Amino acid sequence: MSVPARPFEHDGIAFGCDYNPEQWTPDVWDEDIALMRDAGVDLVAINIFGWAHIEPRAGEYDFSRLDDIVERLHTAGIRINLGTGTASTPAWLTTAHPEILPVVEDGTRRYPGGRQAWCPSSPVYREAALALVDAVAARYGSHPAIALWHVSNELGCHNALCHCDESAGAFREWLRARYGTVAEVNRAWGTAFWSQTYYEWDEILTPRATLSSRNPGHVLDFHRFSSDALLEHYRAEAEVIRARSEVPITTNFMVTAHIENLDYWSWAGDMDIVANDHYLDHRLGDPRSELAFAADLSRGLGQGAPWILMEHSTGAVNWQPLNTPKAPGEMIRNSLTHVARGADGVCFFQWRASVQGSEKFHSAMLPHAGTDSAVWREVVELGGIVDRIGEIAGSRVESDVALLFSWESWWASQSETRPSQSLGYLDQVHASYRALHANGLTVDVVAPGADLSAYRLVVVPGLHLMTEADAAVLTAWIAAGGTALITFSTAIVDENDRVYTGGYAGPLREALGLHIEEFAPVAPGLALTLTDGSTARLWSERSRTTTAEVAASFTDGPAEGMPALTRNIWGDGTAHYLATLLSDADYRDLVARLSAEAGVAPAAPIRPAAGDLEIVRRRGEGASYLFVINHGETDVRVDSDGLDLVTGAEVAGGITVPAGAVRIIREEAAA
Ligand code: GLA
């Protein structure tokens with residue numbers, strides 16, 4: 001049942017943070033609020049981890065401290081993003097009900113002492129959590145300071161995959177609803193293999209650790225179930241809130257590298273506004289391009305509507321092997337990259353750096369060093385910019401390019417037994433996105449099956465699981481005149497993880513004009529060379545063309561002489577296929593050629609060309625806004641006219657954006 005969205009209304013772009021005042025004494029709260037005002041903070045998330053504070057014993061609530069905080073923020077004119085407080089269970093609850101604790105795949109329980117120590121399918125947890133939500137919503141649901149409800153926190157960050165008996169029962173119920181009979185489950189999972197056939201529902205467990213590899217269909221459905229189980233929990237909390245409050249409701253997604261447990265395409269429709277948490281991941285080759293990808297995907301989840309960056313960091317995080325601080329200006333550039341890509345709110349984890357607990361070495365808006373610090377000065381500078389660009393709120397990002405992305409493909413492609421362990425789904429997604437990003441193109445990240453009619457170029461990186469219906473949407477769009485770039489490992493299996501036979505990429509085979517016979521992955525470290533001089537790595541495949549033209553072939557490796565890059569006219573459009581992972585420079589050049597062919601270009605002409613910058617246009621009712629974010633070390637020149645909202649300077653005939661700087665130009669309204 002779909003519930004109409006409640007709009008999140010805010011004056012301008014929201015600027016805020018998670019605030020954990022329970023870690024501090026009231027004299028510190030006074031200073032906090034005074035400094036929040038200095039920085040221009042106007043949206044503060046509280047009570048995220050509040051449960052043990054507001055419910056010290058089962059059913060006994062003590063809201064005195066939270067009341068105090070709410071009133072102080074309200075008096076200061078700061079709006080509240082109110083946590084339901086259910087993210088982390090109090091010790092009394094797990095002591096009385098240890099059955100709430102999650103079980104990991106080897107069948108052992110995980111204990112309290114961290115956070116999110118609860119099983120998503122536990123009825124005992126659910127009942128206790130909903131009682132808390134009801135009490136919080138009854139107390140604050142109509143308070144004028146409450147701007148947004150923040151359900152739980154990063155649902156599924158730690159506890160997404162629970163293997164306890166309660167979860168196994170819920171998984172069987174989920175399977176029953178999806179398949180009806182055990183026989184259908186057998187068919188969907190291909191359990192004829194290895195004598196895995198089930199005869200009774202009770203024989204089906206969650207995919208716990210096994211000696212050999214597990215049934216991939218089973219694992220795929222467990223991912224689907226686990227995502228749905230947490231969504232059901234979200235819905236249960238939201239329903240309790242809705243009965244008590246008119247305020248919009250959301251939760252913070254984790255659209256970020258390495259966290260794959262929730263299918264946010266199925267979640268997003270439940271959010272009154274999409275909210276995302278993003279942290280730069282320095283384990284990646286190009287963390288900044290991943291940031292842009294995550295922001296574009298966050299916007300895609302809301303079908304292009306503005307979203308909120310609910311958390312990011314002013315500097316280093318504390319959970320990577322090496323936690324790198326940001327360079328001067330990087331925090332401002334990254335924050336405004338999210339805004340450029342559709343965020344109407346920029347918030348941080350967290351306000352004041354903790355001095356105890358596992359996050360004491362995580363950066364914050366107010367660092368351990370206090371206000372006499374570069375981080376604080378940059379926070380204040382950003383607050384000023386966010387304030388000056390408020391008119392941008394509500395405008396929408398323009399893009400002619402779409403990239404198809406799916407969590408189901410991510411799950412299906414990382415099966416324990418696959419052609420190469422050296423390549424993951426995100427490697428292909430990020431490589432394609434990097435090539436688009438390096439060309440300065442703005443990309444909408446959309447779900448398979450989405451309406452593509454607004455796009456000129458569609459990129460489909462390694463979409464391993466593709467239904468026939470979603471493939472038909474793509475091929476019909478190509479036939480209607482679209483230009484597509486489809487890369488290897490796309491449309492290999494259907495929704496049941498069953499291989500399409502008769503040549504890989506089954507449902508796209510005709511549109512690609514290719515007969516793909518065999519995968520030929522390549523060891524890391526070995527370079528492949530193509531006939532057009534490009535270099536590539538990790539993948540090749542043995543195929544022949546049927547109707548496609550060969551643009552480049554492998555000159556070496558296990559698919560020597562076979563097509564690496566092909567082009568097939570399909571109806572009024574063109575389907576390009578790339579059978580390897582190109583080097584970044586060659587991938588960038590390929591995308592430059594295809595974008596020229598498709599007639600897509602960066603949001604404005606730039607000199608020197610693209611490179612290390614973001615150039616994105618958001619269009620509002622009366623005006624459009626050109627964001628130019630120069631991450632590089634050289635100045636760039638951009639053709640534009642209007643008013644730079646960052647500096648207040650008039651722009652006529654072009655603007656120089658100095659190295660490291662950001663300019664946001666309000667352009668003349670389109671005629
Ligand atoms: C997540 C959580 C926060 C905090 C940050 C640290 O985003 O939601 O509570 O732990 O990570 O990076």
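Reply: Happy to! A pocket here is found on a 1 Å grid over the protein atoms alone, as an open set of points with protein on both sides within 12 Å along at least five of seven lines. A molecule sits in one if more than half of its atoms lie within 2 Å of its grid points. The model is predicted, with local features needing pLDDT of at least 70, side-chain atom pairs pLDDT 80 or more, and totals for chains, interfaces and linings using all residues. Residues are numbered from 1 along each chain, and side-chain values use heavy atoms, without hydrogens or water.

The ligand takes up the space of the largest pocket. Around the ligand (a heavy atom within 4 Å) are Phe49, Arg115, Asn153, Glu154, Asp277, Tyr279, Glu311, Trp319, Phe349, Glu359 and His362.

Now for the polar contacts, pairs of N or O atoms within 3.5 Å. Glu359 has a polar side-chain atom 2.3 Å from a ligand oxygen. For His362, the distance from a polar side-chain atom to a ligand oxygen is 2.7 Å, and a side-chain N or O atom of Asn153 is 2.8 Å from an oxygen of the ligand. The protein buries 97% of the 300 Å² that the ligand exposes when taken alone, by the Shrake-Rupley method with a 1.4 Å probe.

How values were computed
A polar contact is a pair of N or O atoms within 3.5 Å; within protein, one must be able to donate a hydrogen and the other to accept it, and residues adjacent in sequence count only if both atoms are side-chain atoms. On a 1 Å grid over the protein atoms alone, a cavity is a set of points where a 1.4 Å probe fits but cannot get out, and a pocket is an open set with protein on both sides within 12 Å along at least five of seven lines; lining residues have an atom within 4 Å of a point.
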